[in-house]
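Please look over the following structure with its side-chain packing and charged pairs in mind. The report after it takes up selected local features in turn.

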Amino acid sequence: MARFKRFVLISLVSTTNAFTSPTMTRLVPPSSRCSSSNTNGNTRTAFRASIDEENELLKEEEEKFKAEIRVLCTERNMPLDAVKNCRDLASVHNSPVKKGRIFRTGRLGSASEADRDVLFGELGITTLVDLRSPTELKDDPELMADVFTNFTNLVWIENGRGKDGCVRELETGVSPVDKRKVRKSKELTEDEDEFCDYGCDDPESMKAGEFLANVAPGRKERHFVSIMNEFKYVRGTVSKVRKRDIARSILKSPGAIVSKRVWNSLKKPFIREINDGGLIMLNELLLRFGSPGIKHVLDLCTDRSRHPIAFYCTAGKDRTGIITAIILAVAGVKYEDIVEDYSLSANVYAEMGDHQAMVGALSQRSLDAKTFLGAPPEVMADTLLSIEENYGSVEEYCDWIGFGPEKREKLRKALLED
C-alpha cells in the first residue's frame, strides 16, 4: 500500500499531466541538510537557513501549482457567468467518457440567462441531482429559482444501505423543505425532521427501482438526494471522539445524540475532531454513511434516457467530488487523473464569494476555513487509498453499497458507448 501511495503522489507531479502539487516536498521524508562542517557550533544557524530556504521553495511551488490550476480550470470549466466549477467528465485527462453525457457542477440557482442557454440549451441537460442536505436547502434563497421552473421535483427517501429507497414526486411549486416527512402517519418534530431515517412509509412515494424503470419521456427532472446530514456526521464522528468527551456530553444530557437542540450546545468535541480529521475524515464518513444516496445517484447515472445529467452540491467540490471519483474509477480513469480533476475545485469558494457554505450538512461557523475551503490533491489521493484499505477497491466499495457488476457494466455502457 505504501508503494501505491508513493506512485499516486509521484504521478501528481508527472510532466505528462502538467500537474504539480506544492505539498509534495512535505511528503518526502526530509534528509539532514546540515553537513559535517556545521558541527562546529553553527548547526542551528545552518538548520534555520535551510528551513527558510525550503519554505521559500514551497511558496514558489505553491504559486506555480495555483497558476497551473487556473490554466486547467480555464481549459476545462464551462464558461459560465454565475455557476461555478462546472465540468464535463469527458474533460478529465485520459477520460473515456463521451462528451455531453454527464457533468459535475456547483449549485445552479444563481444561473444567469446566458448560463441557462448553455446548460439547458447548448448542453441540453435534462436531469439535475441536488446532493445537499435539508439544512442547506432551507438556507438557499434560490432553491425554487426560475431556472428550475420546467423541472419536476423528486425527493429520494433513504431506506438503508444496499436498499433502493423510495422516490416522491412533489407537486408543482412545492419546495422539498416545505413538505414535512411522515413516518407511520406521525408528523416528525422540527428537531427530529433532519435526523431520522425515514424509510419508505410515505404512501405517496414509489420504490426507487420502480421509479427508475418508468421514465417519463421528455420530462426534465430535479432529484433531491441528500447523501449526508449533520446527524450522520455526528454518528460517524462519535467513534473517533475521545471517550472522556463522549461521556461528559452524555452525562450532561443523554439526549445529545438524537436531539438537534441539545446537539447544538454540545458539539465542541465533535467539531474539534472534525477539524483535526479534515476533509479526508469527512470523505471517509461520506463513503460509509452516505452510501445509500451514492448508490441512488449512480443508479440515475446508469440510465441513458436521463442523460445529459448534472449533479451538484454547494460548490461541487466534496460530495460531488466523491461521486465523480467513483464514476471515473468505474469508467477506468487512472487515480492520478481523478486526483487532478478534484484539484481543479481548489479555488471555487473564492470564486463563489460565499464562505458561509463550507462543508455540506454541518453548522459551519466552528469549522476551520483553511482546512475545508480548499481541494488539496493529497485529500483525494488519500481518499482513494482509504477506499482500497477499507473496501479493497472502488469496485468492491460499489459491491458493498449494492451497485454490483451488472450495474457497473450498465454505467460504463451509458457513459462510454455511442
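What follows describes a helix, a group of aromatic rings and several salt bridges.

## Basis of the model

This is a predicted model, in which local features need pLDDT of at least 70 and side-chain atom pairs count only at pLDDT 80 or more, while totals for chains, interfaces and linings use all residues. Residues are numbered from 1 along each chain as its sequence is written, and side-chain values use heavy atoms, with hydrogens and water left out.

## Helix α4

Helices (H or I, at least four residues) and strands (E, at least two) are DSSP runs, numbered from the N terminus. Burial is expressed as relative accessible area, where buried means under 20%, exposed over 50% and partly exposed in between (1.4 Å probe, protein chains only). In helix α4, which spans residues 113-122, the buried residues are D115, V118, L119 and F120. Viewed down the axis of α4, these buried residues fall within an arc of 160°, so they line one face of the helix; the arc is that of the directions from the helix axis to the C-beta atoms.

The face of α4 turned away from the buried side carries the exposed residues E113, D117, G121 and E122. Strand β3 (127-130) is included in what covers the buried residues of α4, contact being taken as heavy atoms within 4.5 Å. Just after α4, G124 takes a positive phi of about 70°.

## Aromatic rings around Y397

Rings of Phe, Tyr and Trp (its six-membered ring) pair if their centres lie within 6.5 Å, and planes under 30 degrees apart count as stacked, over 60 as edge-to-face and the rest as tilted. By this rule the count comes to four aromatic pairs. One of them joins Y391 and Y397 edge-to-face, at 4.9 Å centre to centre with 75° between the planes, and both residues are buried. The rings of Y397 and W400 have their centres 6.0 Å apart and their planes at 35°, so this pair is tilted.

Y397 and W400 both lie in helix α18 (residues 394-401), three residues apart, about one turn of the helix. Y397 counts as buried because its relative accessibility is 0%, whereas W400, at 29%, counts as partly exposed. Leaving aside neighbours within four places in sequence, Y397 is in contact with L287, S291, I294, I326, I387 and Y391. The backbone oxygen of L287 lies 2.6 Å from a polar atom of the Y397 side chain.

## Salt bridges

With a salt bridge defined as a side-chain nitrogen of Lys or Arg within 4 Å of a carboxyl oxygen of Asp or Glu, the count comes to 20 salt bridges. E340 forms one with R76, the closest N and O atoms being 2.8 Å apart. E340 lies in helix α14 (residues 335-343) and R76 in helix α3 (residues 43-76), so the pair ties together parts that are 264 residues apart in sequence. E340 counts as buried at 1% relative accessibility, as does R76 at 11%.

Between D341 and R104 the closest N and O atoms of the salt bridge are 2.7 Å apart; D341 lies in helix α14 and R104 in strand β2 (residues 102-105), so this pair ties together parts 237 residues apart in sequence. E136 and R319 also form a salt bridge, with closest N and O atoms 2.7 Å apart, and both are buried. Salt bridges that share partners join E169, R219, E221, D303 and R306 into one network.

Methods: A polar contact is a pair of N or O atoms within 3.5 Å; within protein, one must be able to donate a hydrogen and the other to accept it, and residues adjacent in sequence count only if both atoms are side-chain atoms.
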